[in-house]
There are 2 protein chains.
Amino acid sequence: MVIQEELRRVKMVAPTLAASAGEMRNRALRAVGDSLLAQQDAIFEANREDMEQAAVGGVAGPILKRLKFDEGKLRDVVAGIEDLIRMPDPLFQTQLKRELDEGLILERVSCPIGVIGVIFEARPDALVQISALCIKSGNCVVLKGGSEALRTNRKLFEIIYDAVLSAGLPEHCMMQLEARSEINELLDCHESVDLLIPRGSNAFVRYIMDHTKIPVMGHADGICHIYVDKDADLDKAVPVIFDAKTQYVSACNTVETLLIHRDVAQALMPRLKEALDKREVEIRGSREIAGIIDCEPATEADDTSEYLDYILSVKTVDDVQEAIDHINRYGSHHTDCIVTENAGTAERFMALVDSAGVYQNCSTRFADGYRYGFGAEVGISTGKIHARGPVGLEGLLSCKYKLYGQGQVVADYASGAKQFHFKNL
Amino acid sequence: MVIQEELRRVKMVAPTLAASAGEMRNRALRAVGDSLLAQQDAIFEANREDMEQAAVGGVAGPILKRLKFDEGKLRDVVAGIEDLIRMPDPLFQTQLKRELDEGLILERVSCPIGVIGVIFEARPDALVQISALCIKSGNCVVLKGGSEALRTNRKLFEIIYDAVLSAGLPEHCMMQLEARSEINELLDCHESVDLLIPRGSNAFVRYIMDHTKIPVMGHADGICHIYVDKDADLDKAVPVIFDAKTQYVSACNTVETLLIHRDVAQALMPRLKEALDKREVEIRGSREIAGIIDCEPATEADDTSEYLDYILSVKTVDDVQEAIDHINRYGSHHTDCIVTENAGTAERFMALVDSAGVYQNCSTRFADGYRYGFGAEVGISTGKIHARGPVGLEGLLSCKYKLYGQGQVVADYASGAKQFHFKNL
């Protein structure tokens, strides 16, 4: 229950951080950037130890690549911090100002959400990015990174937290969890934590969603589709599918299921197979597809599978409506694409597919905060409540209503003695 | 499991309703208004039966008042529908348009949330208002009203649903539940329902929140505070407190706890007691308050009690910071007010109190969508995720990202062959 007590302290200082001046939060960001650069040797040393341990433990190559925190990554995160400093203060923005009646002024202003818990993979650069986004947006943050990065994260957190305090932000405005067992304690603290952002495997995110009363922002599955329409330009379809499947196979925005209009399957499939064969992508085809190319047979389970691997399921459909219905039924409302030259069909697909991202003629891999120009992102949301799609600063904000009066009472309006006149200012 | 099947059908038509033209949704609203007027006799007849049953069952006066659906209430809801028709279409609004690179255009557009479940008290006018808000915002809605209004609700739903279909909106876009047992079935349907809005007692809302994976928007408690500062104008304090406590005692925005700066307690309390005595309000005071006026003793339980009754707990504090800390600790983040003439103290209070509404010198009873000029409201949210405060049309919206390309692939940007240039259009 130590965690619970500590979280309560974080919650207690959240209003103070929320009320801090943008200038002070920028000063904190600058101190973070400076300290990271000044103490880079200590960071790299801690990272070397993590890398050695991971290598001993037989951690796979792609994970080692993420775990590595070198000069290039340091340069990138410091540049990201500089970008955030240049951005206008997201807090205290007046979103609405209305005179309800004479001398009774309503304002809606942006404010931070409060305390955000982020559970993320073994990527030390993610710790810096998430911390910086939370500092800029005035949110307290509780960080739990992947255990492979334990030493690097501990060093980074120490540097960031010290820098933040030196700039005058309140004590306890940041907190780090290190043990995996502490995640369950965190999940119980719905009184202290306003929002959880879990990143990681499907099963892990689902576990989080199923075991907490704290609102969760993020996504479990990423079953993305590409539909190749009868009016598709196949010269676009082949590279788009190839990129969406192979550019980074374990990402959530990778395509898993390909739907093809029956009329173009014969023309597309041999060309597509030739391209995918270069990366040894296994095609699991419906019966009709198996009649065109040599492939593995697809089963019903393939409709709902997120492979995160060099596997693509392919089936034919009669028309765009069948593609839309399939995607809305089996998809995970993440990112889905139509390849077509027909603007009307594209609009129909993009209006009716109920996903955070609906694309025409480009790779699903574009679904990413950086590629959307949001700067850093804390995650991608497939929910429709609060933020949707890639989530940057904006998704970390809430608002509050301020009402300035001069002694007004509701009884006067209920009796008809006074009337509201609602004048936007 | 019949409910589950029906809800799945509702979910299936949600994208069609989401893509419907604003003109068609306005036509549906007009048809609803016309049909309600044309069939008013049948509605009043059903309502008479409900009222009779309620009277026989010994239902209390205030509930009977809400249950009654007469010409006045019909006129009000039809006027509300006319207001909604005049409002601009909230859907398909472009919130962001950005060229990521040549020929790669990102747009964020507003869209409905999808399927909204609303569970509300025995107020037939609420059924009409909620339905109208959902039609305007392109959301499918599942309605469960208080059982006392069974016959009225059934008639109203029949009229509204028929009108909506006659205007061309898709079948199954609205659904009504009648049995209380069906609520539990609804709570299980997180695959089909995107958002739940429960209204009713604290215990009821908490039950809903604790028994579903569907996101819930609303509030359980409404423990609102008024803090009377040392720089308060007592001529404002007394009527504001009187109104906030007595104008409608069972509302969520009624004040429950009064905090008084020690320096003004002596001057305020006798005047306040004189006013509250007129409505027989029971004052539960701290020891210091009991030394000034005759009152009941307050216990710790009073700090966390929502009385919804003619009871007010009163305690003294040393300064505004103690008031802020008390409110953030014991309040429900609904609406809290400071009475002061000191602008600096007011700003501090309004910045540091972590509530959906922070007021200066006016009654907490103003926390209401109608009084904020939002038109109808579906509820008041004390959460900070998604909507906060009184929720009208805006809280029923989400967004989606559309990306229009010409065959672009991520590999070109990852390799550096192409660069994003992020130009807002």
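This is a predicted model: local features need pLDDT of at least 70, side-chain atom pairs count only at pLDDT 80 or more; totals for chains, interfaces and linings use all residues.
In chain B, four strands are arranged as an open sheet in the order E5-E4-E3-E6, and the pairing between them is parallel. The edges of this sheet are taken by strand E5 (174-177) and strand E6 (195-198), each of which has a single partner strand, so that one side of each is left without a neighbour in the sheet. When direction is ignored, neighbouring strands of the sheet are turned by 15 degrees against each other on average.

Within the sheet, strand E3 (residues 115-119) of chain B and strand E4 (residues 140-144) of chain B run parallel and are joined by five bridges. One residue pair can be named here, as B:Val118 has B:Leu143 in E4(B) as its bridge partner. Two helices are also to be described in relation to these strands. Helix H9 (residues 202-210) of chain B packs on the sheet, where it touches E3 and E6 of chain B, and its direction makes about 165 degrees with that of E6(B). Helix H7 (residues 150-166) of chain B, in turn, lies across E4 and E5 of chain B and runs at about 170 degrees to E5(B).

With regard to the cysteines, the count of disulfides over all chains comes to zero. A:Cys337 is accordingly in no disulfide, and the nearest cysteine sulfur, which belongs to A:Cys362, is 5.5 Å away. The relative accessibility of A:Cys337 is 0%, and this residue therefore counts as buried. In chain B, the cysteine sulfur closest to that of B:Cys252 is in B:Cys224, at 6.8 Å, which is too far for a bond, because a disulfide requires the two sulfur atoms to be within 2.5 Å.

The backbone was also examined for positive phi values. Most residues other than glycine have a negative phi. A:Asn361, a residue other than glycine, has a positive phi near 55 degrees. This asparagine, A:Asn361, is placed in strand E13 (residues 357-362) of chain A, and with a relative accessible area of 3% A:Asn361 is buried. A positive phi, of about 60 degrees, is likewise found at B:Phe92, which is not a glycine. B:Phe92 lies in the loop between helix H5 (71-86) and strand E1 (94-101) of chain B, and its relative accessibility of 40% means that B:Phe92 counts as partly exposed.

Definitions and conventions
Residues are numbered from 1 along each chain as its sequence is written. Chains are lettered from A and ligands numbered from 1 in the order in which they are written. Side-chain values use heavy atoms; hydrogens and water are left out. Buried means under 20% relative accessible area, exposed over 50%, partly exposed in between (1.4 Å probe, protein chains only). Two strands pair if DSSP finds at least two bridges between them. Axes are lines fitted to C-alpha atoms, for helices over the stretch in contact, and angles run from 0 to 180 degrees between N-to-C directions. Contact means heavy atoms within 4.5 Å.
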